[in-house]
Amino acid sequence: AKARQWKWSTISKAMSNVSGALRELPLYTNVNSPIDVSVHPEWRAASRTAHRYERETPPNPPTPVTSKEMRAAEKALAHDPAARLYLKMVWAFLARPGDIGNLTPEAIHLGEQVSPGIRRVAITIRQGKGARVRGPYTVPSTMEENDVQELKKLMERQKGTRIFADLPRVKDSVRTALRKEQPLSALPSLRKGAARHMAQSGATLEEVGLLLGHTRKDTTTRYLGYGENLASDHRQVQAKTTALLH
């Protein structure tokens, strides 16, 4: 862990994986008896320490990208239609990058036009973190017509399989384009940036949480970074309170 410069969250997760794997040895090996490392005082002490340091370490998530940075990355990917579409879909659906990567044609629902050049589209998330917690759920959004046409091509080409067949390359291309605009960004920066852009544009917590797949309002509040800029948040609350009082 030290050689790989793991964070305490990674160490804690790795220890849990090791403990679980040893406990389930008879399921996937020819070993007849499980090994329960939790009975050893040294392991329990190390595990508690890792969890404590994980809780005490300040989070350092990737920097959210802005709408302007996303658009610049989109232009940089004009030569790569699949990567450009992947970027736009993560942003449009406030999706986890893995959720878009797992999409099959059957999980995509194309709707009617809502205005010239804009089409309703919905996706059903059946795998990943959100689906494990709450089961499959559908996320509605809109997409530009030219993106929908590119999406339809992939859906026809990839029937029965994931629409982004060359996913590792697509992710690398998007990641590279984003980091040219924001060096501290990563793929999850798109989801967080899109959520904050939506909130800043006037969407309610409930509307943002619906797209994010959150079931609790406080989860959405943390995700949007409320409280990180105390002076700014205080001014906004004060302004709203003054408006209500008058």
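**View 1. Thr 220 is a buried residue of helix H12.** Thr 220 lies in helix H12 (217-223). Its relative accessibility is 2%, so Thr 220 counts as buried (under 20% relative accessible area; exposed is over 50%, partly exposed in between; 1.4 Å probe, protein chains only). Neighbours within four places in sequence aside, Thr 220 contacts Leu 205, Val 208, Gly 209, Leu 212 and His 214. Contact means heavy atoms within 4.5 Å. Helices (H or I, at least four residues) and strands (E, at least two) are DSSP runs, numbered from the N terminus. The model is predicted: local features need pLDDT of at least 70, side-chain atom pairs count only at pLDDT 80 or more, and totals for chains, interfaces and linings use all residues. Residues are numbered from 1 along each chain as its sequence is written, and side-chain values use heavy atoms, with hydrogens and water left out.

**View 2. Helix H11 has a buried face.** H11 spans residues 205-212, and Val 208, Gly 209, Leu 211 and Leu 212 are buried in it. Seen down the axis of H11, these buried residues fall within an arc of 160 degrees, so they line one face of the helix. The arc is taken over the directions from the helix axis to the C-beta atoms. The cover over the buried residues includes strand S3 (137-144), H10 and H12. Just after H11, Gly 213 takes a positive phi of about 85 degrees.

**View 3. Helices H5 and H10 pack at an oblique angle.** H5 covers residues 81-92 and H10 covers residues 188-200; the angle is about 45 degrees and the axes are 8 Å apart. Axes are lines fitted to C-alpha atoms, for helices over the stretch in contact, and angles run from 0 to 180 degrees between N-to-C directions. H5 and H10 are therefore oblique to each other (under 35 degrees is roughly parallel, over 145 roughly antiparallel, 65 to 115 roughly perpendicular, the rest oblique). The crossing of H5 past H10 is right-handed (near helix turned clockwise from the far one by less than a right angle; anticlockwise is left-handed). H5 supplies Leu 87, Val 90 and Trp 91, while H10 supplies Leu 190, Arg 191, Gly 193, Ala 194 and His 197. Five of these contact residues are nonpolar, two polar and one charged. Ala, Val, Leu, Ile, Met, Phe, Trp, Tyr, Cys and Pro count as nonpolar, Asp, Glu, Lys and Arg as charged, and the others, Gly among them, as polar.

**View 4. Helix H5 also packs with helix H8.** H8 spans residues 145-157. The angle between H5 and H8 is about 115 degrees, and their axes are 10 Å apart. H5 passes H8 in a left-handed crossing. From H5 come Pro 81, Arg 84, Leu 85, Lys 88 and Met 89; from H8 come Asn 146, Asp 147, Glu 150, Leu 151 and Leu 154. The contact holds five nonpolar, one polar and four charged residues.

**View 5. Gln 5 and Leu 94 have positive phi values.** Most residues other than glycine have a negative phi. Gln 5 has a positive phi of about 60 degrees. Gln 5 sits in the segment before helix H1 (8-23) and is exposed, at 71% relative accessible area. Phi of Leu 94 is near 50 degrees. Leu 94 lies in the loop between H5 and helix H6 (97-101) and counts as buried, at 3% relative accessibility.
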